[in-house]
Amino acid sequence: MKFISPKTDFAFKKIFASQESKPILISFLNALVYHNQPLIEDLEIIDPYQSSPLPILKDSFLDVKAKLKDGSLVIIEMQVLQVESFARRVLYNAAKAYSLQLGKGEGYRYLKPVIALTITDFIMFPEHNQVINHFEFREKSTNISYVENHLQLLFVELPKFEKQLEELEELDELWMYFLKNAPSLDTVPEKMAQLPEFKQAFGIASQANLTRKELEELGKREMFIHDQQGLILFADKQGIEKGMKQGREEGEKEKAQTIARQLMPLLDDETISQTTGIPVEEIRKLR
């Protein structure tokens with residue numbers, strides 16, 4: 001058996017956002033958001049497109065959006081590429097999902113909490129090795145929670161998750177392993193096959209169950225991601241080479257300026273410029 005990668009937006013939505021995927025999404029959220037506690041018993045998967053009634057606000061496209069039984073909203077995004085201002089985009093989408101709950105004339109009492117769960121295939125917080133990071137509003141000096149802590153941001157950094165199959169114990173570890181390693185598996189691991197939500201998730205992710213059109217669409221998405229990753233690596237390499245060249249040029253410029261200062265008591269600006277290669281205008285500034 002071959003399985004598609006859940007890290008592509010096409011596959012992620014197919015596995016977690018279809019109506020028949022409700023048991024999968026409930027298990028996934030209980031594991032990652034509620035620390036393996038079965039607090040979510042039911043939810044409603046809703047349209048992840050966030051249109052804005054105001055022309056000054058951007059429309060938002062999420063991967064998965066769900067409403068819990070208590071009215072809380074969970075928005076989920078799987079991000080493979082590290083793009084510019086991504087952290088701000090996460091905050092924007094969460095704040096927008098919160099504000100769009102109210103219709104015209106409705107009071108703030110109708111607002112429900114929003115939980116933004118973001119899974120990244122790159123490292124966002126290099127200062128520590130913690131795989132899951134959970135942010136909420138707290139007072140800076142006393143660390144007490146805000147009175148209405150309605151906005152929570154959760155980040156799962158897949159590159160930091162390095163456990164092997166035999167080491168997996170908790171439900172959240174099983175889900176992170178599934179996200180990271182599904183394409184490299186030939187069969188459903190026994191630990192996962194015993195759980196109906198994983199059996200269903202692997203069934204959806206099986207290439208044998210996809211139509212030719214879906215496989216073509218998936219191939220296009222994966223090719224686009226690989227191309228973009230190649231461009232990022234190329235840009236990083238070019239940036240390093242440019243920085244090294246710039247460093248050499250700056251070093252040479254500093255040497256020339258030092259020589260120019262030593263010659264100032266002896267020669268005029270034009271002669272120093274001819275000797276050091278520094279423009280006359282810069283010589284005058286140095287003098």
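This is a predicted model: local features need pLDDT of at least 70, side-chain atom pairs count only at pLDDT 80 or more; totals for chains, interfaces and linings use all residues.

**Entry 1: aromatic rings.** I searched the whole structure and found 15 aromatic pairs. I then looked at Phe12 and Phe16: their ring centres are 4.7 Å apart and their planes stand at 40 degrees, so I noted this pair as tilted. Both residues belong to helix α1 (residues 9-16), where they are four residues apart, about one turn of the helix. Are they buried or exposed? Phe12 and Phe16 are both buried.

**Entry 2: a second pair.** Next I checked Phe86 and Phe122, an edge-to-face pair with 5.8 Å from centre to centre and 75 degrees between the planes. Phe86 sits in helix α3 (residues 86-99), while Phe122 is in the loop between β6 (114-120) and β7 (132-135), so the pair ties together parts that are 36 residues apart in sequence. The cut-off for buried is under 20% relative accessible area. Phe86 has 4%, so I put it down as buried, and Phe122 is buried as well, at 8%.

**Entry 3: the cluster.** Which residues form one aromatic cluster? I listed Phe3, Phe12, Phe16, Phe28, Trp175, Phe178, Phe198 and Phe202.

**Entry 4: helix α3.** I tested the length of α3 next. At 1.5 Å a residue, its 14 residues should span 20 Å, and its end C-alpha atoms are 20 Å apart, which agrees. The buried residues I found in α3 are Phe86, Val90, Asn93, Ala94, Lys96 and Ala97. They cover an arc of only 165 degrees around the axis, so they lie on the same side of α3.

Entry 5: How many residues of helix α4 (residues 171-181) are buried? I counted nine of eleven, so the helix is mostly covered. Among them are Leu174, Trp175 and Phe178.

Then I looked at how α4 packs with helix α6 (residues 196-205). Their axes are 12 Å apart and meet at an angle of about 5 degrees. Angles under 35 degrees count as roughly parallel, and I therefore wrote down α4 and α6 as roughly parallel to each other. On the α4 side the contact is made by Leu171, Leu174, Trp175 and Phe178, and on the α6 side by Glu197, Phe198, Ala201 and Phe202.

Definitions and conventions: Residues are numbered from 1 along each chain as its sequence is written. Side-chain values use heavy atoms; hydrogens and water are left out. Buried means under 20% relative accessible area, exposed over 50%, partly exposed in between (1.4 Å probe, protein chains only). Helices (H or I, at least four residues) and strands (E, at least two) are DSSP runs, numbered from the N terminus. Rings of Phe, Tyr and Trp (its six-membered ring) pair if their centres lie within 6.5 Å; planes under 30 degrees apart count as stacked, over 60 as edge-to-face and the rest as tilted. The expected span of a helix is 1.5 Å times one less than its number of residues. The arc is that of the directions from the helix axis to the C-beta atoms. Axes are lines fitted to C-alpha atoms, for helices over the stretch in contact, and angles run from 0 to 180 degrees between N-to-C directions. Angles under 35 degrees count as roughly parallel, over 145 as roughly antiparallel, 65 to 115 as roughly perpendicular and the rest as oblique. Contact means heavy atoms within 4.5 Å.
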